[in-house]
Structure formats: structure tokens, C-alpha cells
Amino acid sequence: MHWSGVVAHYRSRLTVEGEPVTLLEGNTPLVPVPRVAEWACPGAELFIKYEGLNPTGSFKDRGMTAAMTQAKHDGAETVICASTGNTAASAAAYAARAGMKCIVLVPDGKIAMGKLAGSMAYGAQVVQIRGSFDDGLRMVRDVSERTPIALVNSVNPARLQGQKTAAFEIVDALGNAPDWLCLPVGNAGNISSYWLGFREALADGHAASAPRLLGGQAAGSAPLLANAAVDEPETLATAIRIGHPARWCQALWALRESAGQIWSVTDDEILATYHCLAAADGIFCEPSSAAGVAALRKSLQHGKIEVEGRRIVCVLTGHGLKDPDSALRDAKLPQAIEPTLDALMNVIE
């Protein structure tokens, strides 16, 4: 079957108008990870929804194709967003695809190089602000209210329409929803959109049940768990370094309605999970992506989840090459040897 991107493929289930602006995003694999399961949730059948294989390397492409399609249909010539990195790269790529100008605001010094490089390569006007993502979001919201520039952050309802298609794909692949869906939580658009998708799949008969949701927030940036905004969030997981989630209310509703859980995980717990995913089952993600798996493991360690015989899906939101510095930070430097067989054999031995 020819894949046409999420807007065209799921057109009848989306409230999005216009000719699709697409890079053939979506249709990402659901990968079984038995070794990670032994480490994180023994007794469960664990799958990874690997969203890092979208065109710009993150799940943001699902929502961006929908937001850009609607913006172009509405006559916008310029789009704007605030971002910790992934949204910026995605917006820049899809704006280029649509022939539109793109302006992105990113926190100065708080963005992984792979994401900044993507934003610049796709031709966006990148503006670094001496503040947080939350400051940037406030600024771009003000701009969009005063000008015809279209806002493409997750407060844009079309973004959730595109992102909910990942839930449809999981149901299509498994034949039903999993028992648990685990994912990182930053601005809370993704957890909100997954729940929207699973509820719709249940309502229209595509699924017989809906999953319970389990979200992972970085310990230094966990406003949902604390039930209070975090004015100066801190974590090495830059994609979820957000103290005032735009979809706060929707995320709490999704957690409550699904009888779900929200956990905070330390940077050390995130990094341990990040390394396990790559070394145990060959799945290379950016550190923030590992927060959902880390939260699953922590919930089991605290006796708050039953996993025996359960089918669990963990969403990895971004590719590891988004943040190469994190991969190199703790790695051994490659060993240099003379170009001889003896030298190579000595290293191997």
C-alpha cells in the first residue's frame, strides 16, 4: 500500500482542511524490545513506538503536517512557534515544504545542537531568547494575536489532530489498544492527543478498549506531579524542560479518565534508561524520549503497576541524533591504533 502521510491516510478522522503539506510522516514502526522488557518490566510484552523515524526525527511531524496544512488552507504566509528544539525543526521543514516563512524562538543555550542545526538547515529564522520555553510561548502567542502570522505550537488544535494518528497506528498494528501507554510529558500535547485518538478509536469500533496512560516528567521539571508551575525548570532532557505545560488541563483529564499515573524521574534514571534502550535492543533515542520507559520501571519498582502478561507500548518521541552530545558525554573515546593486524588483534583481545 502506498503511504501518503497522516493527513491523507486518516482524512476522514481528522478535522483538518486543505491539500496536505506532507513529508510522508507517520507509519512509524512498533518494535518489540524483549531485553528492555526484562530490565524495565519483567513479565510484560513491551513495544516501542519509535517516533524518531519521522522525517525530521521526532513525533512533532504528525502534528506539524496537520497544522501547516490548515495554515496554508487559511491563507497564512508565515508561521511562528516557540520550541525546545523538535517543534522548531519540524515547523521549519514543513514551512519549507509549504513555501512559507517560518520564525522559531528557542531558549538561548538550552537546545540540543541536532535540533538547532535542523531548524537552520530548513531555512527558518531562528531567534534565541534569554529566557525559557514558557517565555517564548507567551511571546509567540502575543505575536499571533496581533498579526496574521499563524501559530503552530501545540495550542493549535490542528496539532492534536495530527498527533492523535499515532494512537490509530498502534491500534492498527496490535489489533487493539495496549493495556498501558507510557510516554514523556513536557508541554503535554502528546499525552492529550494520544488519549484523544484512543477514545475515538474506541468510539468508532476500531478498538475494543483504551489503555491506561503513564507519563514521565523530569524531576526538575514536573509541574503536573507537583500540581504547581515550575518557573525555572532544569533537566538534561531538554525536550521536556517545560514548567508551564500548554495542555496542562487536557493532560490531567486524560490521566484521570484513563486511570493513569504520572511520575517524575531523575536525570540519572532517564540516562540509565536511554543507555539501556540503545545497548540492549538497539533503539537510539534522545534522552527525554526515555522518560516514559523510566517512569514505567519506577512505577513497577514502587509496586504501583501490575505488568505480568500485560501488553505495554512506550513512545520514544525523538531520534538519538537529535542530541549527539548526550551520546558522547559518557562514552569512551575511540581507541586509536596503528594500521596493522597485530595492533587490531591486541585491541580485540
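Me: At about what angle does helix 4 (residues 86-98) run to strand 4?

Reply: Start by finding helix 4, which lies across strand 3 (78-82) and strand 4. Helices (H or I, at least four residues) and strands (E, at least two) are DSSP runs, numbered from the N terminus. Axes are lines fitted to C-alpha atoms, for helices over the stretch in contact, and angles run from 0 to 180 degrees between N-to-C directions. On that scale, helix 4 runs to strand 4 at about 170°.

Me: What kind of model are we looking at?

Reply: Residues are numbered from 1 along each chain as its sequence is written, and side-chain values use heavy atoms, with hydrogens and water left out. Local features need pLDDT of at least 70, side-chain atom pairs count only at pLDDT 80 or more, and totals for chains, interfaces and linings use all residues, as this is a predicted model.

Me: Is Arg 97 buried or exposed?

Reply: Arg 97 has its place in helix 4. Buried means under 20% relative accessible area, exposed over 50%, and partly exposed in between (1.4 Å probe, protein chains only). Arg 97 has 55% relative accessibility, so it counts as exposed.

Me: Which residues does Arg 97 contact, leaving aside its neighbours within four places in sequence?

Reply: Contact here means heavy atoms within 4.5 Å. The C-alpha atom of Arg 97 is separated by 9.8 Å from that of Thr 65, 32 residues apart along the chain. The contacts of Arg 97, though, are Val 21, Thr 22 and Leu 23.

Me: Near what value is the phi of Leu 24?

Reply: Leu 24 sits in the loop between helix 1 (6-9) and strand 1 (30-32). With 46% relative accessibility, Leu 24 counts as partly exposed. Most residues other than glycine have a negative phi. Leu 24 has a positive one, near 60°.

Me: Which other non-glycine residue has a positive phi, of about 55°?

Reply: Look in the loop between helix 10 (223-226) and helix 11, where Asn 227 lies. Asn 227 has a relative accessible area of 57%, so it is exposed. The residue with a positive phi of about 55° is Asn 227.

Me: What is the strand order in the open sheet of four strands?

Reply: Two strands pair if DSSP finds at least two bridges between them. The pairing in this sheet is parallel, and the order is 5-4-3-6.

Me: Which are the edge strands there?

Reply: An edge strand pairs on one side only. The edges are strand 5 (125-129) and strand 6 (150-151).

Me: What handedness does the β-α-β unit of strand 4, helix 5 (residues 113-121) and strand 5 have?

Reply: A crossover is right-handed if, with the strands pointing away from the viewer, the path from the first strand over the helix to the second runs clockwise. The unit made by strand 4, helix 5 and strand 5 is right-handed.

Me: Why is strand 7 (residues 180-184) largely enclosed by the rest of the structure?

Reply: Trp 180, Cys 182 and Pro 184 point one way from strand 7, while Leu 181 and Leu 183 point the other way. Strand 7 is largely enclosed because five of its five residues are buried.

Me: In strand 8, which residue is the bridge partner of Leu 181?

Reply: Five bridges join strand 7 to strand 8 (residues 212-218), and the two run parallel. The chain crosses between them through helix 9 (residues 189-203), in a right-handed crossover. The strand 8 partner of Leu 181 is Leu 213.

Me: Which residue in strand 10 stands opposite Cys 182?

Reply: Strand 7 also runs parallel to strand 10 (residues 311-316), joined by three bridges. Leu 181 has Val 313 as its bridge partner there. Opposite Cys 182 stands Cys 314.
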